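I opened this entry to keep track of what I looked up, region by region, with the coordinates at hand.

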Amino acid sequence: MGRVEGKVAFITGAARGQGRSHARRLAQEGADIIAIDACEDQPNIPYAGATEADLAETVRQVEALDRRIVATKADVRDFAALKAAVDEGVAQLGRLDIVSANAGIGVNPLSTDEIPDEVWKDMLDVNLSGAWRAAKAAIPHIKAGGRGGSIILTSSAAGLRAYANAGAYVSAKHGVVGLMRTLALELAPDMIRVNSIHPTQVDTDMIQNEATYRLFRPDLDHPTKEDFAPASQTMNALPIPWVEAIDISNAVLFLASDEARYITGVTLSVDAGSNIK
Amino acid sequence: MGRLEGKVAFITGAARGQGRSHALRLAQEGADIIAIDICEALSENTYPPATEEDLTETVRQVEALDRRIVATKADVRDFAQVKKAVDDGVAQLGRLDIVSANAGIGGTPHHSEDIPEDEWKNMIDINLSGVWRATKAAIPHLKAGGRGGSIILTSSDAGLFAYENISHYVSAKHGVVGLMRTLALELAPDFIRVNSVHPTTVNTLMVQNEGTYKLFRPDLENPTQDDFAAAATTMNALPIPWVEPIDISNAVLFFASDESRYVTGVPLAVDAGAAIK
């Protein structure tokens with residue numbers, strides 16, 4: 001018996017990286033999946049966007065686990081597209097229990113007073129407003145089930161403390177904490193729990209790119225992954241440079257499952273101790 | 001394959017309540033157990049003490065799960081007793097991986113200025129120093145294993161914010177957070193993780209007694225469990241009066257298992273949203 005057997009989970013940003021890992025982990029434990037991803041290059045972002053082929057690969061991997069998945073190309077900046085995807089997924093899979101608002105974009109390092117207006121707006125629109133839209137599209141379905149539910153918002157270690165030259169990212173991820181706490185209060189009467197997860201660096205394309213390497217190694221012209229690793233490790237208490245996507249998925253699974261049935265309003269760091277350094 | 005297969009866990013206050021629940025839950029997932037409990041009356045408590053029969057019952061229940069358990073009558077106020085029990089347990093069971101520093105008392109409510117000196121000292125000695133002594137006895141064995149480990153300190157919602165009339169309890173439980181963060185930093189190089197759990201009211205004798213009922217219902221002369229339940233529910237965001245020991249055990253299991261292998265330094269509220277109300 002899986003730990004989320006018979007449940008349905010909606011995951012944003014599910015084409016690759018953490019989102020795909022969450023889809024697989026929840027499916028391993030018995031959940032069916034509603035998946036969306038923008039599947040496009042994002043403006044002002046220093047690495048390639050996910051593709052429709054990536055999303056198709058997530059579908060293949062979930063189906064290989066004998067779970068159902070309804071995957072749609074949809075952008076969290078577009079509420080109508082998001083709502084249509086969730087409504088269609090619930091129509092096909094019959095219910096909704098879990099939301100993983102995971103879609104997010106990474107940092108193009110700039111001092112905060114130099115961030116162009118459109119870069120700031122894109123960051124907030126995806127990393128904060130996108131989480132709100134995902135919740136907004138899902139809440140009516142979770143309430144309609146009358147069985148409670150679990151919403152997990154992916155914030156960041158940068159949602160709990162600041163990092164220089166990532167002002168828009170830090171602001172968006174802090175905003176996610178405020179959204180989480182407000183939703184937790186509003187939805188508690190319906191036994192819908194809302195929590196956030198705060199990863200340190202995760203080994204995905206969002207950080208394994210030269211822009212992130214420059215954020216951590218402003219002292220070098222063309223820093224490499226090998227230059228990034230020791231700088232990244234100094235942020236963490238545990239002697240590791242980054243965590244893996246599966247480590248975030250296991251935290252999502254815990255919060256999604258009934259093992260956390262009375263946990264709500266919590267900021268859960270999965271950060272190798274970076275918040276206490 | 002259990003989630004803690006082959007591991008050994010040391011649990012204080014294991015004769016009943018949360019401690020027994022932790023022993024059973026960890027044993028269900030494959031761990032062997034080293035258990036201690038004072039099994040004696042503490043004068044300032046307003047509820048009946050755990051007994052040696054209670055501890056024997058924990059042994060019976062763990063053995064019924066086909067796991068081994070080494071149980072000793074020992075007081076967390078006495079380091080020599082705690083150390084001897086842990087040393088004996090490790091000698092018999094071969095290793096140590098997990099610590100649940102759970103032993104604690106509820107004490108008697110007073111205005112801060114009215115707390116008798118001996119009650120203050122005893123509260124700190126058990127609920128804070130007892131936690132430190134449990135870790136002090138365990139850390140050499142965890143380090144000797146060379147496989148890392150997980151230490152889980154039981155704090156309280158009263159470790160995150162204050163309640164009136166129990167400043168000795170609030171101070172001790174806040175102190176546990178400081179101890180947790182310090183240990184997390186000190187032990188990170190050895191991959192020994194340290195986290196704390198922060199329950200709201202848990203359905204055990206420590207709260208289900210007239211002393212607690214009066215703390216929550218100073219307006220009534222002889223408050224009942226129903227009177228208490230109504231007041232306890234107002235503390236939580238979720239519409240429940242208290243959580244069950246198994247809910248804390250599931251959080252302990254998450255921290256104890258490799259699913260949280262990179263989670264350290266985290267205070268995790270299992271509190272039905274009390275912290276955000």
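This is a predicted model: local features need pLDDT of at least 70, side-chain atom pairs count only at pLDDT 80 or more; totals for chains, interfaces and linings use all residues.

**Entry 1, crossover in chain A.** By that convention, I noted that E2(A), helix H2 (residues 52-64) of chain A and E3(A) form a right-handed β-α-β unit. Looking up the strands themselves, I found that E2 (residues 32-37) and E3 (residues 69-73) of chain A run parallel and are paired over five bridges, and that A:Ala35 has A:Ala71 in E3(A) as its bridge partner.

In the loop between H2 and E3 of chain A I looked up A:Asp66, whose phi is positive, near 65°, although the residue is not a glycine. A:Asp66 counts as exposed because 8 other C-beta atoms lie within 10 Å, where the cut-off for exposed is 12 or fewer. I then turned to B:Asp66, which lies in the loop between helix H2 (52-64) and strand E3 (69-73) of chain B; its phi is near 65°, again a positive value in a residue other than glycine, and B:Asp66 is exposed, with 8 other C-beta atoms within 10 Å.

I did find a kink of about 35° at B:Ala138, shortly before the proline B:Pro140. The buried residues of H5(B) include B:Val131, B:Ala138, B:Ile139 and B:Leu142.

After H5(B) comes B:Gly146, with a positive phi near 70°. B:Arg147 is in the loop between H5 and strand E5 (149-154) of chain B, and I class B:Arg147 as partly exposed because 14 other C-beta atoms lie within 10 Å. B:Arg147 and B:Glu29 are 118 residues apart in sequence, and their C-alpha atoms are 19 Å apart in space.

I looked up 29 residues of chain B in contact with 28 residues of chain A. On the side of chain B that touches chain A, helix H6 (167-187), helix H9 (245-256) and strand E7 (267-270) each supply at least two residues, and the residues of that side divide into 20 nonpolar, five polar and four charged.

Definitions and conventions. Residues are numbered from 1 along each chain as its sequence is written. Chains are lettered from A and ligands numbered from 1 in the order in which they are written. Two strands pair if DSSP finds at least two bridges between them. Helices (H or I, at least four residues) and strands (E, at least two) are DSSP runs, numbered from the N terminus. A crossover is right-handed if, with the strands pointing away from the viewer, the path from the first strand over the helix to the second runs clockwise. The bend at a residue is the angle between axes fitted to the seven residues ending there and the seven starting there. A residue is buried if 20 or more other C-beta atoms lie within 10 Å of its own, exposed if 12 or fewer, and partly exposed in between; C-beta atoms are placed from the backbone. Two residues are in contact if their C-beta atoms, placed from the backbone, lie within 7 Å. Ala, Val, Leu, Ile, Met, Phe, Trp, Tyr, Cys and Pro count as nonpolar, Asp, Glu, Lys and Arg as charged, and the others, Gly among them, as polar.
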